[in-house]
Number of protein chains: 6
Amino acid sequence: MQSPPDRFQPIDSNNVPRYAGIATFMRLPSIALEQANDVELGLIGIPWDGGTTNRPGARHGPRQMRELSALMRRFHPVLEISPYSLANCADLGDTPVNPISVEDTLDLVEGFYRDAVDRNIVPLSAGGDHLISLPVLRALAKKHGPMGMVHFDAHTDTLDRYFGDFKYTHGTPFRRAIEEGLLDAKRVIQIGIRGGLYSAEDDAWGLEQGIRVIRIEEYFELGVNQVITEALSVVGEAPTYVSFDVDCLDPVYAPGTGTPEVGGINTFDAQVMLRGLRGLNLIGGDVVEVSPPFDPSGNTALVGATLMWEMLCIFAEAIANRR
Amino acid sequence: MQSPPDRFQPIDSNNVPRYAGIATFMRLPSIALEQANDVELGLIGIPWDGGTTNRPGARHGPRQMRELSALMRRFHPVLEISPYSLANCADLGDTPVNPISVEDTLDLVEGFYRDAVDRNIVPLSAGGDHLISLPVLRALAKKHGPMGMVHFDAHTDTLDRYFGDFKYTHGTPFRRAIEEGLLDAKRVIQIGIRGGLYSAEDDAWGLEQGIRVIRIEEYFELGVNQVITEALSVVGEAPTYVSFDVDCLDPVYAPGTGTPEVGGINTFDAQVMLRGLRGLNLIGGDVVEVSPPFDPSGNTALVGATLMWEMLCIFAEAIANRR
Amino acid sequence: MQSPPDRFQPIDSNNVPRYAGIATFMRLPSIALEQANDVELGLIGIPWDGGTTNRPGARHGPRQMRELSALMRRFHPVLEISPYSLANCADLGDTPVNPISVEDTLDLVEGFYRDAVDRNIVPLSAGGDHLISLPVLRALAKKHGPMGMVHFDAHTDTLDRYFGDFKYTHGTPFRRAIEEGLLDAKRVIQIGIRGGLYSAEDDAWGLEQGIRVIRIEEYFELGVNQVITEALSVVGEAPTYVSFDVDCLDPVYAPGTGTPEVGGINTFDAQVMLRGLRGLNLIGGDVVEVSPPFDPSGNTALVGATLMWEMLCIFAEAIANRR
Amino acid sequence: MQSPPDRFQPIDSNNVPRYAGIATFMRLPSIALEQANDVELGLIGIPWDGGTTNRPGARHGPRQMRELSALMRRFHPVLEISPYSLANCADLGDTPVNPISVEDTLDLVEGFYRDAVDRNIVPLSAGGDHLISLPVLRALAKKHGPMGMVHFDAHTDTLDRYFGDFKYTHGTPFRRAIEEGLLDAKRVIQIGIRGGLYSAEDDAWGLEQGIRVIRIEEYFELGVNQVITEALSVVGEAPTYVSFDVDCLDPVYAPGTGTPEVGGINTFDAQVMLRGLRGLNLIGGDVVEVSPPFDPSGNTALVGATLMWEMLCIFAEAIANRR
Amino acid sequence: MQSPPDRFQPIDSNNVPRYAGIATFMRLPSIALEQANDVELGLIGIPWDGGTTNRPGARHGPRQMRELSALMRRFHPVLEISPYSLANCADLGDTPVNPISVEDTLDLVEGFYRDAVDRNIVPLSAGGDHLISLPVLRALAKKHGPMGMVHFDAHTDTLDRYFGDFKYTHGTPFRRAIEEGLLDAKRVIQIGIRGGLYSAEDDAWGLEQGIRVIRIEEYFELGVNQVITEALSVVGEAPTYVSFDVDCLDPVYAPGTGTPEVGGINTFDAQVMLRGLRGLNLIGGDVVEVSPPFDPSGNTALVGATLMWEMLCIFAEAIANRR
Amino acid sequence: MQSPPDRFQPIDSNNVPRYAGIATFMRLPSIALEQANDVELGLIGIPWDGGTTNRPGARHGPRQMRELSALMRRFHPVLEISPYSLANCADLGDTPVNPISVEDTLDLVEGFYRDAVDRNIVPLSAGGDHLISLPVLRALAKKHGPMGMVHFDAHTDTLDRYFGDFKYTHGTPFRRAIEEGLLDAKRVIQIGIRGGLYSAEDDAWGLEQGIRVIRIEEYFELGVNQVITEALSVVGEAPTYVSFDVDCLDPVYAPGTGTPEVGGINTFDAQVMLRGLRGLNLIGGDVVEVSPPFDPSGNTALVGATLMWEMLCIFAEAIANRR
């Protein structure tokens, strides 16, 4: 294939320093969705934390991940991939959101992603809290039907209700997604689950649906390579989404998050696992719950941006493979 | 009068260091609302920021203001008041809130304050974003009818709608309060207003209702003493509420807030102005928009706690005067 | 057995958000020691750092650990324990302390713990610097005689004198405790020891007494499971105390501490080791040396609170087992 | 006149929250210089601190000022100006720079500004350290000849050499500019000068050239209004540049800077002074020395962005007046 | 007079950058006290906070003030003084201290200062908490008898006992000093006093002794020039000590301190007041209560170092005048 | 051998607390190079970051590493070495540098190190950015000829040009060193390499020269002991330099650095590897790229100081062995 044209290339860091310029994801060109005709892989921010039940701030995640993503370069020496030679990539900006309304925001985000999906764009999203995965999955399911998912998280996010009878929080998106037929529970794997529970039954519903849950104890026992094998086996060859909540990582790697749980995964292993998903039928992904006010240093956002870079590489390859 | 009993006295700092112990407001005893029969002045937290249109975090304000209020002592050397000898004071805890629903929270907070008002408690509240003043005023208006208000703020908070047609945000509480007849616009004074506007008409509605707006330029021209005189003249002798948004202060005094505006009031003058309200018919007040994630040092919360201490003294005196 | 009554249950996080309310340990009820008749497991703060020879601030530890402990939930999914169904737990507040006197504080703390021990309360303490373990052990030894101890630390804390002839610092508590017959040196194991020494002889005295010291090199060589086995073997079935100095952890997990030593233990392994102590005859424990001024983010306090949660679970089980 | 077209309007904050979206100056459209044919007022970043003799980091200034400028709105209620109705404004991005070469950067920046000047763009720049004013003045002097300057600073920046015989540092730009005939020393006023000197003669050269220096003592004695009168009198009606080094402000307002000097100007007075320059023949300006690494909170950048907003308003008016 | 020899000159900042090199006070040479025969003005650190009743950390003050003092230069343009041409100045290092013993430290510090006084060195000290002034005054009183004092502080520090019957804390030094005859109460002026009190009688004892107390309200009413006049009148021509507690300043200028009180003095006025003491018979001074852990930015230490620079200049002049 | 005299011993921490006193490396005496006749091991700061292409601040590294090195003690319990008994160690201060000129600084640093080498001093340097290794190697190569090097880093630092045709940056020092014959490429091993590349060819040149590159993936696969074996085998018995860029570590261990790369080495393994170099013919080393503005907590500097302590021990032993 031909290499993508210059208008889909990041700014050259050897001429313009990496700290300089208007911050877009990976220093890619900013292209409005309505003009994104040739974009194949779209990086999108969802600056919203209205589903957050404890510490807020994830609404500021996309902006800081954009800033820190300037530290990413162009060639992945382990995958031996130049993603910008494989697919037309661009920063599509942030979706519209409404910081004071859950319902309005779910609609606004879904609308944006429907447009993106209609243009055959593979979305790579920066949250926002984890509830933002729900409208993304709604849009993707229109095209792909019930999807598989590799889900990295400290929490299963399959609770039912909060604060009485409220259905939509960052603790419930995947229960809703399974109920709505967006995800095929038997093709979902959750990795890194840990932390105290509200009750012994918190995770029962998900297990009943057939989700494969790898709690942190099993994770360390299996080792990363075996976890990858298990993930590949669960999701199979059908369309698969990747969702990475940074609280899956130990808080030392991602202190800037709303619900930290001590005793988690390290970033190197997270990178190895994402690389291990290479070759799957990947149709989208997100990195969520980066909350800059709880880590003004930007270190959490650097981790988030690095995970986005890893996904970008395997998504670009998937796009090229599907051509 | 007799001094309030020991169960309404703060912990003695000369025996137990001020940094020690479970943090309550002013080191006062914690008393549940349903057992607060003798409480006259109730310090209450409203840990909620669901009306915030920009930077969140004010939901964490009450806890950090409790912590820093431990630095307050017992005797006010300028007012020459020992407030804890004048009124039965207690920390009534936080109201219930719902971080993912504006409507539910407005109801929950109003319900709590109705109970407090039924018990003849003068509420001194720690926000939370500025929308929390609305349900408090709703509860107080049941008893007092349309109230006057001394309102310290960088913003008039009298806008109409946000993000389309949404009526309840931290930019709209006092428009709603005037529309609902909770405040008597002609007895409302707003001090410290500044910052750019969305349009030239932003503040027109409030002025039309008769609010006395002292923009920062007039504030510095008049001087603090003249501003106090003006405030006393506007609110008169009828029941008056005091609302202090810490963004009224210059951001150097209160960086931990959601919508900072450069070029504001200093804390000494804020203290002088609050002391100047002594003798009014004060029936409640709040300190809002302290957002700890944007000032982890706690300095903004210290300012907030100090302003609460100033209000506590003049409120205790007002209670004693009414006896 | 019957479940403990409501008055020993934490606030329900599904109704009241976890960031809200007055901060007590684990959101448990605050009960004054003199009214703690039915309390079986008491969480107690010792806000004091007067034994600190280098960087101070541990006096602020209890308050910040209270705040961060709100992130703990109710059910431990690995131990499969609901601790609040096993034992009556409460926050007993902070002990009295004197920040300017070592001697006075040792007496004040011991007095408080004697009362607690007299009431058959198992104490779980939040320091404070490590010297606070000494008066706690003095009180416990009245009841239990010479105890065993599982001691997690970067330092043996068995030095003799500081700054001339001063016997009581946070580097000497366990030398004093052994000399005074509070600990049975042969039933003491120290895990994670590392860092440069003042001289080659620093740790000699403890080894001569029979303490089992697992330096960090041996720790990594043995692996966590073998370390647990060794600990169980050393302390046996007699009454055993658990003391966790957060500087045992690598400074990335606990930067907010007075004497950090690079190259330590991670939090997941610390959790696993604490869980491994399940079934011992546990009669008390502490988490010490959390110094908030050196980690304003609260991340160190979150780790400290999590370790307290782990101890709380195994202590509640021990209490139930002894019934 | 007709209002500028939509493509020169900032993003509407009432639809898209102010924290959202790719961060450009004032949320204005990003337009590349080579396509900036209709732009009249160009906001430009110069991300460079290679002239810094002490604490670096001003290279990161433009990016953080872009982020914080999102807090600015559209209407200036004191000047009663809607700047975006008066002139076509845009974010022209950052100039090319070379972080390891002073000489190369001086050329790169001058080249960029020559292009901007050729397009009749009034430049409003975000530094970078103060040396960046020199290449800007070089480009502007091609068009305007020797200019007047209102210079806010704690330092005169008219020293001669550093570290032996080095002529180009952030302590020398205005000596070079006067030597090169870019500035007319008799039309230069420096406001806020203070701090210790290397020797009694540090400021002598500038005074000999005829610069009007208002040291901080005279500044407080005259008062802001008299200082404005003096400034207007010094610069007169000929083309005038405005340079604002944030270290002119007291460090509490601008801690994030390389060479803070205690005892400076406050932000309200800085705003008043900038507004006082209204009506001058303003042909460009800059805000320099914002160093984010020394103020990760962003508060200094918020001040810098607010000062840019003040300049933007008076520059837009000057452009409209010249039409 | 001849200029002091090179060995008493600071490092030349124009050759060696100001951020470089081993940090001594003002970049002066480090000279051990026992070799300080020709030193006339000695800068001394007292790294101790054992008298602190609330937030600790002032023990780290001297080191950070040394670091930030590198920003000071050589010529004072307002006083028109080159202090290093007037007196032999040197950094004499830190006194010995004992962080776990009040009594031992009082002796150690007094011993060090007796040696310094014996060598006719005028001491300029960096605390440390305010109790460190007591042993300094004890040493100076041996030579000078009862001294006058200009005392800048938010608190009078003349309380009697703490925590029962403890006489030596940072809240009591000047009561002890007056009782011991070190200070002549009638020649003591306290400026900036404010904040709540433990009781109405807190400051009564000092007033009875004849101390002139200028509370913050009177301070703002009088204005700085009148305050200076009052100070000169109170202390007269006899030997006078200057003690500056940084909590005299508003917390925005000095957040890094143990007992901040909102609503204080600004740094410019503090500088003006210190300069106003020029010509007094100055025999020593200190800057205390800088607590770096509560302001990791170093801004408070920069203020502290600047105040030391102001004192250094007027002390050097006093030394020259006495020759 | 005889133990070094007292004038080469660190300050005794048991008498003078470790946080006290003027901060020198390891609390060693400060000795000027021209008087360093008996010094065998010299600790030297190079406060310069003029070769930095992205985030600056490493110029502040030496001062903060001096401060944190006070936490080091005197005896290494794993190596069982008292380094100060093996070699005469001293802090030789900082080299002269020129923050605005690459060329001038390269000359200034090389000149300083030539003097040190002429005095037979083994240099242990604290950077500064990684370009500072080049002038150090130039000075050492005069004596030792082409050296071997154990190089810990996330980057190979063997790129050719930056920003056009600029040869000297912190990304190029070892290409220059090999070209200039200072290093024997076949005796160079690089450990920990990772992160995205500008292009697939970035590391090709180094591999062609024969450098042994252990990328992070191989590093984790081999394990630390095998990596040590490999390192020993590559460098052999000839003179060997050790260069440790802290970005080799995972950013959680060293967030304060200019070019962090997620997924790196931990500090314990770094310590083990440095200890594994014991017995080599070590002739110098450095710890570079500690950038305090990006980690005001000092934690990165603590890691840097600890790594210097590890090197100091094996260097002192090498010096003793060579006697």
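Hi everyone, let me start with a pair of helices in chain F: α9(F) and α10(F) are roughly parallel to each other, because their crossing angle falls under 35 degrees. Helices here are DSSP runs of H or I with at least four residues, strands are runs of E with at least two, and both are numbered from the N terminus. The axes of α9(F), residues 267-276, and α10(F), residues 299-322, come within 9 Å and cross at roughly 15°. Those axes are lines fitted to C-alpha atoms over the stretch in contact, with angles from 0 to 180 degrees between N-to-C directions. The crossing is right-handed, that is, the near helix is turned clockwise from the far one by less than a right angle.

Who makes the contact? On the α9(F) side we have F:Thr267, F:Ala270, F:Gln271, F:Leu274 and F:Arg275, and α10(F) brings F:Val303, F:Leu307, F:Glu310, F:Met311 and F:Ile314. Contact means C-beta atoms, placed from the backbone, within 7 Å. By class, these residues are six nonpolar, two polar and two charged; Ala, Val, Leu, Ile, Met, Phe, Trp, Tyr, Cys and Pro count as nonpolar, Asp, Glu, Lys and Arg as charged, and the others, Gly among them, as polar.

A quick word on the model: it is predicted, local features need pLDDT of at least 70, side-chain atom pairs count only at pLDDT 80 or more, and totals for chains, interfaces and linings use all residues. Residues are numbered from 1 along each chain as its sequence is written, while chains are lettered from A and ligands numbered from 1 in the order in which they are written.

Over to chain E. The axes of α1(E), residues 61-69, and α10(E) come within 8 Å and cross at roughly 75°, so these two are roughly perpendicular, the term for 65 to 115 degrees. Their contact residues divide into six nonpolar, four polar and one charged.

How many residues of α10(E) are buried? 20 of the 24, so α10(E) is largely enclosed by the rest of the structure. Buried means 20 or more other C-beta atoms within 10 Å of a residue's own.

In chain B, the buried residues of α9(B) include B:Phe268 and B:Met273, and the buried set packs against β4, α8 and α10 of chain B.

Finally, the chains themselves. Chains A and B meet through 19 residues from each, and the chain A side has nine nonpolar, eight polar and two charged residues. Chain A and chain E do not touch, with nearest C-alpha atoms 13 Å apart. Thanks, everyone!

Definitions and conventions:
Contact = placed C-beta atoms within 7 Å. Buried ≥ 20, exposed ≤ 12 C-beta atoms within 10 Å, placed from the backbone. Parallel < 35°, antiparallel > 145°, perpendicular 65-115°, else oblique.
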